[in-house]
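Good morning, colleagues. May I ask you to look at the structure on the screen while I go through its local geometry?

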Amino acid sequence: MSDGVPVMWMRGGTSKGGYFLRDDLPADIAERDAFLLRAMGSPDPRQIDGMGGADPLTSKVAVVAKSERSGVDVDYLFLQIFVDQAIVTDAQNCGNILAGVGPFAIERGLVAARDGRTRIAIFMENTKQVAVATVETPRGRVHYDGDAAISGVPGTAAPIPLAFRDTAGSSCGALLPTGNGVDVIAGLACTLIDNGMPCVVIAAGDVGITGHEDRETLEADASMKAKVEAIRLEAGALMNLGDVADKSVPKMMLVAAPENGGAIAVRSLIPHRVHASIGVLGAVSVATACLIEGSPAANVAAVPDGLSKTLGVEHPTGVTECVVTVDEQGAPVEAGMLRTARKLMDGVIFA
C-alpha cells in the first residue's frame, strides 16, 4: 500500500491509536493485519519504524463502517496490535478507543451531527453489543474542548458519556462463565467475570502485593507476574476462551480496599504489562465483581446502596467512576462511564 491509507490518530479515553474506515483497509484479514503491524512498527519493543508508542495502550486500532443494522449508526471493530510480537487480535473490546468512534464517525460523514449533542449507537463487533456515545456537537460540528476530566489524561476535554447494555457475557457467554461467584485456581480464590471484558479478579494480598503499588514497582515484580500468568492460563479455559497463551484476555485484576474515597483499588495486568490506569470495560467488570457475594472484590469493596450504584475504581493514576444499575434481584442491567477523546492527526499513513 505504497500510496498510503487515510487514517485519523486519536486519543480515546486513556488510550491512543489509529482510526480507519473499513473500506480503506485491505478486505483480506491477513493482508490487513500485515499492513497494521507495519503501520505500528511491530514487532519491536520501541516500535521505532511505525506510529506505535511502545506501549499496549498506544498500539491500538479502530475499524469503523456505516452500519446496516436496525437502530445502529456505525459498526466498530477493535484491534489490539501487539508491541513486540507480530500479533493482531480482535479477542477483546476496548472502551477507551470506543470513546473516539463517535467523533470519528461524524468527522468522516458516517453520521450527521445535530446542533448541540449527537447520540450515536455503535455496534461493537468484538462482543456483539451496542454502546451509545453522546458527542458534543454545537452548530453541527464535533467539539473536543471542554471541562470534563478523567484520570490518566492531563487537562480537560468535552465529555463523551458511554452507556452499555447487555454486556454480561460479552466474550465468555455469561457474566460468570463457570456459574460460580468464586473459583479456586492454584489455591487462590478468584472471580472469573465478563461484564464487557473477560477478567480474573484476585485479592492483591494473595499474590504478595498490597494493591497500592505504582506501575513501575509491579512491572519489576517477576515473581508476582509469573504467578498471575499461571492463573490466567488456567482461567482462560474455564472462561470458554480456550488457550489464551497468545491472547490479550482475560485481563488480570488485583484488588484491595480503597484508599482514596473510591469503592475498590485495583492493579490491572493487560495481561503481561501493568496498566497505567484501567480499561473502561475492565473497570466495569471489576465494579460488577464488587456486587458478587463472597468474591475477592466484594470482600474489600465499599459498595453504596440503591439500584444505581456509582463505584469508583481506584488505579495507579486516579479513579475511574462506573455507574452500574442492577435489578431488584441485584443483577446488573446497564453500565455507564464518562470518557473524553481528542483528534490528534488526520492524514495518510504508509506501511
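A word on conventions. This is a predicted model, in which local features need pLDDT of at least 70 and side-chain atom pairs count only at pLDDT 80 or more, while totals for chains, interfaces and linings use all residues. Residues are numbered from 1 along each chain as its sequence is written, and side-chain values use heavy atoms, with hydrogens and water left out.

Let me begin with the backbone. Valine 249 and proline 250 are joined by a cis peptide bond, with omega about 0°. Proline 250 is found in the loop between helix H5 (222-238) and strand E12 (251-256). Helices (H or I, at least four residues) and strands (E, at least two) are DSSP runs, numbered from the N terminus. Another cis peptide bond links isoleucine 270 to proline 271, and its omega is about -5°. Here the loop is the one between strand E13 (264-269) and helix H6 (280-289), where proline 271 is placed.

Alanine 54 is not a glycine, yet its phi is positive, about 65°. Its loop runs between helix H1 (29-40) and strand E3 (60-66). Is alanine 54 buried, partly exposed or exposed? With a relative accessibility of 26%, alanine 54 counts as partly exposed; the scheme takes buried as under 20% relative accessible area, exposed as over 50%, and partly exposed as in between, with a 1.4 Å probe and protein chains only. Lysine 128, also not a glycine, has a positive phi of about 60°. This lysine 128 lies in the loop between strand E6 (116-124) and strand E7 (129-137), and is exposed, at a relative accessible area of 57%.

I turn now to the largest pocket. Rolling a probe the size of a water molecule over the atoms shows where empty space is left. On a 1 Å grid over the protein atoms alone, a pocket is an open set of points where a 1.4 Å probe fits, with protein on both sides within 12 Å along at least five of seven lines; lining residues have an atom within 4 Å of a point. The largest pocket has a volume of about 440 Å³, a volume being the space filled by probe spheres set on the points, which are joined across faces, edges and corners.

Which residues lie nearest the centre of this pocket? They are Pro56, Gln80, Ile270, Pro271 and Arg273, out of 31 lining residues. Strand E4 (74-81), helix H2 (95-98), E12 and H6 each give at least two residues to the lining, and H6 supplies the largest share, three residues. By class, the lining has 14 nonpolar, 13 polar and four charged residues. For these classes, Ala, Val, Leu, Ile, Met, Phe, Trp, Tyr, Cys and Pro count as nonpolar, Asp, Glu, Lys and Arg as charged, and the others, Gly among them, as polar. As for H6 itself, ten of its ten residues are buried, so the helix is largely enclosed by the rest of the structure.

Next, the aromatic rings. Rings of Phe, Tyr and Trp (its six-membered ring) pair if their centres lie within 6.5 Å; planes under 30 degrees apart count as stacked, over 60 as edge-to-face and the rest as tilted. By this rule there are two aromatic pairs. Tyrosine 19 and phenylalanine 104 form a tilted pair, 5.8 Å centre to centre with 45° between the planes. This pair links distant parts of the chain, 85 residues apart: tyrosine 19 in strand E2 (residues 15-21) and phenylalanine 104 in helix H3 (residues 101-107). Tyrosine 19 is buried at 0% relative accessibility, and phenylalanine 104 is buried at 0%. Phenylalanine 20 and phenylalanine 35 have ring centres 6.3 Å apart and planes at 80°, so their pair is edge-to-face. Phenylalanine 20 lies in strand E2 and phenylalanine 35 in helix H1, so the pair ties together parts 15 residues apart in sequence.

Finally, the cysteines. How many disulfides are there? The count is zero, a disulfide being a pair of cysteine sulfur atoms within 2.5 Å. The sulfur of cysteine 199 has its closest cysteine sulfur in cysteine 172, 9.0 Å away and too far for a bond. For cysteine 290, the closest cysteine sulfur is in cysteine 322, at 9.0 Å, again too far for a bond.
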